[in-house]
Amino acid sequence: MSTLVDASKQDGATADAQWFRTLFTASPDPAWIIEERRFVECNDAALRTLGYANREEFLNAHPSQLSPSHQPDSEDSFAKAERMMSIAQEQGQHRFEWVHRRADGSDFFAEVTLSNLMFHGREVIYCVWRDITERKETEARLRLASSIMESTSEGVMVTDEHGMIIAVNPAFTQITGYRGVEAIGNKPNLLRSDHHGPTFYAEMWKTLLATGHWEGEIWNRHKNGTAFLELLTINRILARDGIPTCYASVFRDITALHRANERFQYLAFHDALTGLPNRALFHDRLLHAIERSRRVEQQLAVIFIDLDGFKEVNDTCGHDIGDLLLREIAQRIRNRVRRATDTVARLGGDEFLVLMEDLKGPNHCEELASELITDISRPLKLRKHVVSVGASVGLARYPEDSTDALELMKCADIAMYAAKADGKNRHRRFKPAMLKA
């Protein structure tokens with residue numbers, strides 16, 4: 001009986017060995033047998049992964065001999081391999097990350113599992129590992145993206161495919177005033193201002209869904225209620241590496257730039273001292289007024305005003321008083337004209353222009369000129385000074401005097417000089433004879 005039992009045990013051991021050999025050889029993952037700290041066997045998957053032609057090239061080698069001299073944590077590969085195998089022998093199994101080196105000298109990351117086994121009365125370590133280089137590269141990219149997201153000065157907001165906010169960065173909080181815990185779980189309309197109507201947002205999402213991208217300027221609202229202008233870019237990120245489809249919004253506050261640009265545009269067409277339109281804007285409005293008058297067959301007039309006595313005030317009282325005087329005169333002219341239809345401009349120095357549209361009668365511009373002279377001539381108290389100036393005024397009408405904008409301004413200018421030559425503080429209507437004079 002004992003002989004039969006011993007024979008059956010032997011047959012069973014042989015069957016187990018054959019079964020293990022079949023699994024070992026067929027495994028798609030690289031597998032090794034380590035005995036006494038040396039590789040004594042490997043499967044074909046290990047050969048393919050490492051790029052060796054046959055086992056004899058590395059059998060009986062220490063695991064560290066198939067690795068760079070040091071691991072990414074700077075620990076010596078030999079010392080670390082010894083430590084990892086000791087842990088596996090003590091605990092029965094141990095899993096860790098390791099950098100292997102291929103036959104061509106290139107390195108790759110592997111996740112290694114060491115299992116301590118008794119095989120036919122011999123203590124061996126069964127080693128299985130898989131290449132995780134792609135996973136490590138993905139993790140590195142994610143860490144880099146996270147680092148950039150945390151450190152960038154641009155606000156970042158990530159929403160899921162249903163439009164719920166799932167992540168924001170510190171710059172988002174700095175720009176919007178909302179902390180992450182206040183924003184996450186809400187929708188982006190948390191920031192919506194009243195500057196855009198439903199059509200704007202509908203078109204935005206139509207473009208985003210069709211192309212996966214939208215870029216433009218949008219007014220949003222800070223937590224404190226103030227509106228700010230942002231330059232916004234939204235990109236749809238398709239599902240990948242286990243991450244579902246989401247939308248990444250990157251934005252920066254350009255309110256200050258917008259206001260500076262508005263100021264620049266304003267100064268390009270307005271006088272910095274008085275805030276009145278300058279020559280360029282006046283000429284543009286005159287062109288439009290002439291075109292409109294041509295269509296509706298109405299007359300218009302250009303009034304050219306030059307202050308009399310301004311240089312004396314400037315020289316006697318100083319340029320600061322002169323500037324105050326110009327501002328006050330500009331306001332008096334503004335107050336006299338019709339705000340809805342007339343335009344007042346400052347050409348520079350002490351010269352002003354008035355564009356009168358929709359003249360009410362043949363003497364409408366002359367009546368206004370007389371009123372302007374009266375208003376301008378009233379004494380002014382500026383700080384400790386009481387000053388007074390006069391005004392010489394020239395008039396030109398469309399279409400009688402000219403149908404060209406520049407020529408019409410020139411005619412009014414010539415008429416102003418005629419008024420000045422006649423004794424100042426009066427107005428004159430342009431006449432062709434003035435060209436000869």
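Biologist: What should I know about the numbering and the cut-offs?
Modeller: Residues are numbered from 1 along each chain as its sequence is written. The model is predicted, so local features need pLDDT of at least 70, side-chain atom pairs count only at pLDDT 80 or more, totals for chains, interfaces and linings use all residues, and side-chain values use heavy atoms, with hydrogens and water left out.

Biologist: How many residues does H13 have?
Modeller: H13 (405-421) has 17 residues. Helices (H or I, at least four residues) and strands (E, at least two) are DSSP runs, numbered from the N terminus.

Biologist: Which residues of H13 are buried?
Modeller: Among them are Leu-408, Met-409 and Cys-411. Buried means under 20% relative accessible area, with a 1.4 Å probe and protein chains only.

Biologist: And what covers them?
Modeller: The cover includes helix H9 (279-296) and strand S16 (390-398).

Biologist: Is Thr-159 buried or exposed?
Modeller: Thr-159 is buried, at a relative accessible area of 4%. The residue lies in strand S6 (155-160).

Biologist: What is Thr-159 in contact with?
Modeller: Beyond neighbours within four places in sequence, the partners include Met-164, Pro-188 and Tyr-247. Contact means heavy atoms within 4.5 Å.

Biologist: Switching to S5, how many bridges join S4 to S5?
Modeller: 10 bridges, and the strands run antiparallel. Two strands pair if DSSP finds at least two bridges between them.

Biologist: What about the turn?
Modeller: S4 and S5 form a hairpin with 2 residues between them, and His-120 in the turn has a positive phi of about 55°.

How values were computed
Expected span 1.5 Å × (residues − 1). Buried < 20%, exposed > 50% of the residue type's maximum accessible area, 1.4 Å probe, protein only.
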